[in-house]
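I opened a notebook for this structure and wrote down each thing as I looked it up.

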Amino acid sequence: MKTIGVLLFQEFELLDVFGPLEMFGMLDDVEIRLVAEKERTVASAQGPRSVIDDLMADDRAYDILLVPGGRGTRREVDNPHLLDWLRRKAADAEYVASVCTGSALLAKTGILDGVKATSNKLAFDWVKSQGPGVHWQPSARWVEDGKLFTSSGVSAGIDMSLALIARIFGAAPARQVATWAEYSWNEDAENDPFAAA
């Protein structure tokens, strides 16, 4: 059983969270937990609210840590409690993944220093400013560097999550999940059609 802890904060991006979770949720042996700092419900940038399973104070361990982006990241990069929790949990997790501007939060903790990473191209300059020690990749659908997975904007998180499923469970289960979802998986991490735009 792999446990996924998904960090939620006010104004997170819906698809950053529920795109990847749709993929992981099709697998047996995966438990999904939504985590927040102190709120029991958290509103997305689009409005719908999510019910939280764990608070940071519960101090649970997670095999996979998923960090979404969204407008809220611009506030949370200055939240020392959230950043400290993220730093500690990322150190203990088997895998750490971010979608979109979630990589700004990882970068601000120092987790991404010295490794390759990417982010949403429309917010790329701002994200880069949060981690000058990161080897930012301006053209990548997602980037894998050791246990760290970072993806480009919003829908790229689905492609990245399938790549992470392939790493953990094998390519065949990842392709099966994509088929079940009727999703055309971009399996080439370097195929980033939005980089030029």
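Predicted model: local features only at pLDDT ≥ 70, side-chain atom pairs only at ≥ 80, totals over all residues.

**Entry 1: aromatic pairs**

I began with the rings and counted three aromatic pairs, where rings of Phe, Tyr and Trp (its six-membered ring) pair if their centres lie within 6.5 Å, and planes under 30 degrees apart count as stacked, over 60 as edge-to-face and the rest as tilted. One of them is Tyr 95 with Phe 149, an edge-to-face pair with 6.3 Å centre to centre and 80° between the planes. Tyr 95 belongs to strand S7 and Phe 149 to strand S11, so this pair ties together parts that are 54 residues apart in sequence. I took helices (H or I, at least four residues) and strands (E, at least two) as DSSP runs, numbered from the N terminus.

Phe 124 is buried, with a relative accessible area of 10%, and Trp 136 is buried with 11%.

**Entry 2: a note on the model**

Residues are numbered from 1 along each chain as its sequence is written, and side-chain values use heavy atoms, with hydrogens and water left out.

**Entry 3: the sheet**

What is the order of the strands in the open sheet? I read S5-S2-S1-S6-S7-S11-S10, seven strands with mixed pairing; two strands pair if DSSP finds at least two bridges between them. Strand S5 (54–55) and strand S10 (142–145) are at the edges with a single partner strand each, so one side of each has no neighbour in the sheet.

I followed the pairings next. Strand S1 (residues 2–7) and strand S6 (residues 64–67) run parallel and are joined by three bridges, and Val 6 stands opposite Leu 66 in S6. S1 and S2 are also parallel, with six bridges between them, and Leu 7 has Val 35 of S2 as its bridge partner. From S1 the chain crosses through helix H1 (residues 14–24) to S2, and this β-α-β crossover is right-handed (with the strands pointing away from the viewer, the path from the first strand over the helix to the second runs clockwise). Two bridges join S2 to S5, again in parallel, and there Val 35 has Asp 54 as its partner in S5. Five of the seven residues of S2 are buried, so this strand is largely enclosed by the rest of the structure.

**Entry 4: helices around the sheet**

Helix H3 (residues 80–92) lies across S1, strand S2 (30–36), S6 and strand S7 (95–98), at about 145° to S6. Helix H4 (residues 102–109) lies across S6, S7 and strand S11 (148–151), at about 130° to S7. For these angles, axes are lines fitted to C-alpha atoms, for helices over the stretch in contact, and angles run from 0 to 180 degrees between N-to-C directions.

In H1, I found buried residues including Val 17, Leu 21 and Phe 24. What covers the buried residues of H1? The cover includes S1, S2, S6, H6 and helix H7 (171–180), with contact meaning heavy atoms within 4.5 Å.

Thr 3 is in strand S1 and is buried, with a relative accessible area of 10%. Its side chain makes a polar contact with the side chain of Glu 31 (3.5 Å); such a contact is a pair of N or O atoms within 3.5 Å, and within protein one must be able to donate a hydrogen and the other to accept it, while residues adjacent in sequence count only if both atoms are side-chain atoms.

Glu 11, in the loop between S1 and H1, has a positive phi of about 70° although it is not a glycine. Glu 11 is partly exposed at 29%. Val 154 lies in the loop between S11 and helix H6 (156–169), and this non-glycine residue has a positive phi of about 45°. Val 154 counts as partly exposed, at 23% relative accessibility.

Definitions and conventions. Buried < 20%, exposed > 50% of the residue type's maximum accessible area, 1.4 Å probe, protein only.
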